[in-house]
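Please look over the sequence and the structure shown below before reading on. The report that follows goes through strands, helices, ligand surroundings and backbone details, one topic at a time.

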Amino acid sequence: MVEKKKASVDTASQALFEEAVNQGIRTAFQRYEQQQPQCGYGTLGLCCRHCAMGPCNIDPFGKNGPDRGVCGADADTIAARHFDRMIAAGAAAHSDHGRGVVEVFLAAAKGEAEGYEIKDEQKLLQLALDFDVEIGERDIKDIAIEVGEKALAQWGQQEGEVVMLKRAPLKRQKIWRDLGIWPRGVDREIVEIMHRTHIGVDEDPVNLIMQGARAALGDGWGGSMIATEIQDILFGTPVPVLAQANLGVLKEKEVNVVIHGHEPVLSEMIVAVAGSKEMLDYAKSKGAEGINLGGICCTANEILMRHGLPIAGDFLQQELALVTGAVDAMVVDLQCIMPGLTEVAQCFDTELISTEKRANIRGTTRILFEEDNAMESAKAIVKKACDAFEKRKGKKVHIPNEKTDLVAGFSHETIDYLLGGVFRSSYRPLNDNIINGRIRGIAGVVGCCTPKVTHNDYHVAMVKHLIKNNVIVLQTGCSAVACAKEGLMLPESAAEFAGDGLAEVCETVGIPPVLHMGSCVDNSRILMAAAAVVKEGGLGDDISDLPVAGAAPEWMSEKAISIGHYFVASGVYTVFSATWPTMGARKLTDFLFNGIEEKLGGKWDYVNDPIEAADKMIAHIDEKRAALGILEKKKERVLMDMAMRRELDAG
Ligand code: NFS
Ligand code: SF4
């Protein structure tokens, strides 16, 4: 018998997974097993139900089964339409998040949202320049209102160009213009995908994928980037903070409030309220020693980056957090919230509170959250948690010991500042160290976790392999949480895990070899960093010239496909693992993995083994180094050093 794969490489998650099994509680891990075997047509991208003549399947072996749907669509058309709809959904999720943030910002600027204020004026002025808003002697409030209005208009813009893409290198901008894929408006490109993928509209896989690029660019350089910028303006641009990660951050004797989801407009208010004397007194009146906040999913990354609050866990740990029995309230807004949570919460005294009009989850307590009642909602939530604590007090809990220190807060600005120093912040030292070969290249490793592979295994293996080979790693999302738990986000980890060249740079600057850049909308920070490296000079004049690569080794969400596609459309070689959604469509897959590079300079790849995937990223990085004429430098210096060290080790 084949031995069953472990649920997780994270020992805290593995223990809680077993605890759930013992207690007869179902989580995503068991539900995944119950789904086996999963539909082969769906897995290969060969199932279409875009109209009621279907559902239609294509025979993946090209034998006696159908090679076309009822309407005549072939495998490549069907899979391309499906791929585009994933992009549309992902781009919509990020962008709708961005829109929500801009709405709160605008209300705050008008003085209609109590508790919110402008924290980063410098960044507001920067954004004002992007949007051609006059600064002069104007009042900061007036500038903010005009920036907010112009930013909001990006969603509904019908013609012209989404503004933020102008932050990309000029050569990249020309590629987008020449291909006709510069997004006109954030919403428009998403709607156009829905139209073009309706029965009987766009049949050509290449044409479909290029529209996918247009919508994805509207996400990465549009909706997501505006979300990041406005969040920084409202809540502060992240600077380095020390924090902890994993379920060991829960505290038996305190009221544990776990905030799960994505939009910081809610979590920021809860953070503000939970520290108030009023709430602490209330908690104490219920017998608790304090109020302890922790985050799950991207909300975790948001409150970590700006407040140093602990990360309780990643996507696959949301149910396991409840299995500890120690979570008094889990507050959710939207995205990546498993409906399975309610079933788990029912086994405990946990208050499951949903806060979003756009996302009702049956069986939760509804405390709707809007900008004009933010404070009261946050208070009501924390009080509910305290009440739940009173019920939980004295009962057995299963809080694991694991909690790992990490340093986070690496916004694009932080990197700029740390590398260049206070008087001349710049990316020059990074570029120089890439050119001289101490740093071989840069990898963005991002995305979700999925029960399709052992939880966190691929993230950790890939990132360790990359830094060992002197590739500095930038991270966001649940991938960042996985590596934080593993201890890779501490400056000390450079000496332990990184290759000699990278370790030397990290030690000199005092940074970890793996940099936490935030939530998934903050992948826009990685785009900004890439643009800054190009601008700094010496490494070509487009993102596609850089020795960089991207990956999402345990991806599962449609957002991840949108992110991957805007990386590809920005010129980056991007590798996914775990599964690939177009595998049954040969011509389409060949276009995504090869042909698309001719147009966009970046391309997709799928490699299931994380080490092999990392090796392909490194090979790509070396190819780019060779094209820049800097490959040899790396060889002389780093490989000799490593060989020498090996000799020493052997002796
Ligand atoms: Ni990103 Fe954040 Fe995690 Fe995946 Fe979900 S939380 S937006 S989608 S699962 S990384
Ligand atoms: Fe079948 Fe075509 Fe309808 Fe899809 S759109 S379900 S392939 S008939």
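## Strand β4 and its partners

Strand β4 and strand β7, which covers residues 329–332, run parallel and are joined by four bridges. Within this pairing, Ile 259 has Val 331 of β7 as its bridge partner. Strand β4 also pairs with strand β5, residues 291–296, again in the parallel sense, and here the pairing extends over six bridges. One position to look for in the structure is Asn 256, whose bridge partner in β5 is Asn 292. This model is a predicted one, and that should be kept in mind throughout the report.

Strand β4 itself spans residues 255–260, and six of its six residues are buried. A residue counts as buried when its relative accessible area is under 20%. Val 255, Val 257 and Ile 259 lie on one side of the strand, while Asn 256, Val 258 and His 260 lie on the other, and both of these faces are covered.

## Strand β3 and its partner

Strand β3, made of residues 241–245, has one covered face and one uncovered face. The covered face is formed by Val 241, Ala 243 and Ala 245, whereas Leu 242 and Gln 244 make up the uncovered one. The partner of β3 is strand β10, residues 404–408, and the two pair in the antiparallel sense over five bridges. At Ala 245, the bridge partner in β10 is Thr 404.

## Buried helices

Helix α19 runs from residue 477 to residue 485 and is mostly covered, with nine of its nine residues buried. The buried residues are Gly 477, Cys 478, Ser 479, Ala 480, Val 481, Ala 482, Cys 483, Ala 484 and Lys 485. Just after α19 comes Gly 487, which takes a positive phi of about 85 degrees.

Helix α17, residues 428–435, has Leu 430, Asn 431, Asn 433, Ile 434 and Ile 435 among its buried residues. An α-helix has 3.6 residues a turn, so residues three or four places apart point the same way. Another helix, α25, covers residues 610–628 and contains His 620. Because its relative accessibility is 6%, His 620 counts as buried. The C-alpha atom of His 620 is separated by 45 Å from that of His 398, and the two residues are 222 residues apart along the chain.

## Around ligand 1

Which residues surround ligand 1? They are His 262, Cys 297, Cys 298, Phe 315, Cys 336, Gly 447, Cys 448, Cys 478, Cys 520, Met 556, Ser 557 and Lys 559. By class, this shell has eight nonpolar residues, three polar residues and one charged residue. Both domain 3 (247–392) and domain 4 (419–628) contribute to the shell, with at least three residues drawn from each. The ligand sits in the second largest cavity.

Although Cys 297 is not a glycine, its phi is positive, at about 60 degrees. Cys 297 counts as buried because its relative accessibility is 1%.

## Around ligand 2

There are 13 residues around ligand 2, and those that come nearest are Cys 48, Cys 51, Cys 56, Cys 71 and Arg 81. The shell divides into eight nonpolar, three polar and two charged residues. Domain 1 (4–55) and domain 2 (75–235) each supply at least three residues to the shell around ligand 2.

## Backbone details in loops

Where in the chain are the cis peptide bonds that join Gln 36 to Pro 37 and Gly 54 to Pro 55? Pro 37 lies in the loop between α2 (28–34) and α3 (40–44), and omega of the bond from Gln 36 is about -10 degrees. Pro 55 lies in the loop between β1 (47–48) and β2 (56–57), and omega of the bond from Gly 54 is near 5 degrees.

Asn 470 is found in the loop between α18 (457–468) and β12 (471–475). Its phi is near 65 degrees, which is a positive value in a residue other than glycine. With a relative accessibility of 3%, Asn 470 counts as buried.

Terms used. Residues are numbered from 1 along each chain as its sequence is written. Chains are lettered from A and ligands numbered from 1 in the order in which they are written. This is a predicted model: local features need pLDDT of at least 70, side-chain atom pairs count only at pLDDT 80 or more; totals for chains, interfaces and linings use all residues. Side-chain values use heavy atoms; hydrogens and water are left out. A residue is near a molecule or strand if one of its heavy atoms lies within 4 Å of it. On a 1 Å grid over the protein atoms alone, a cavity is a set of points where a 1.4 Å probe fits but cannot get out, and a pocket is an open set with protein on both sides within 12 Å along at least five of seven lines; lining residues have an atom within 4 Å of a point. A molecule sits in a cavity or pocket if more than half of its atoms lie within 2 Å of its grid points. Ala, Val, Leu, Ile, Met, Phe, Trp, Tyr, Cys and Pro count as nonpolar, Asp, Glu, Lys and Arg as charged, and the others, Gly among them, as polar. Domain bounds come from an automatic or database domain assignment. Buried means under 20% relative accessible area, exposed over 50%, partly exposed in between (1.4 Å probe, protein chains only). Two strands pair if DSSP finds at least two bridges between them.
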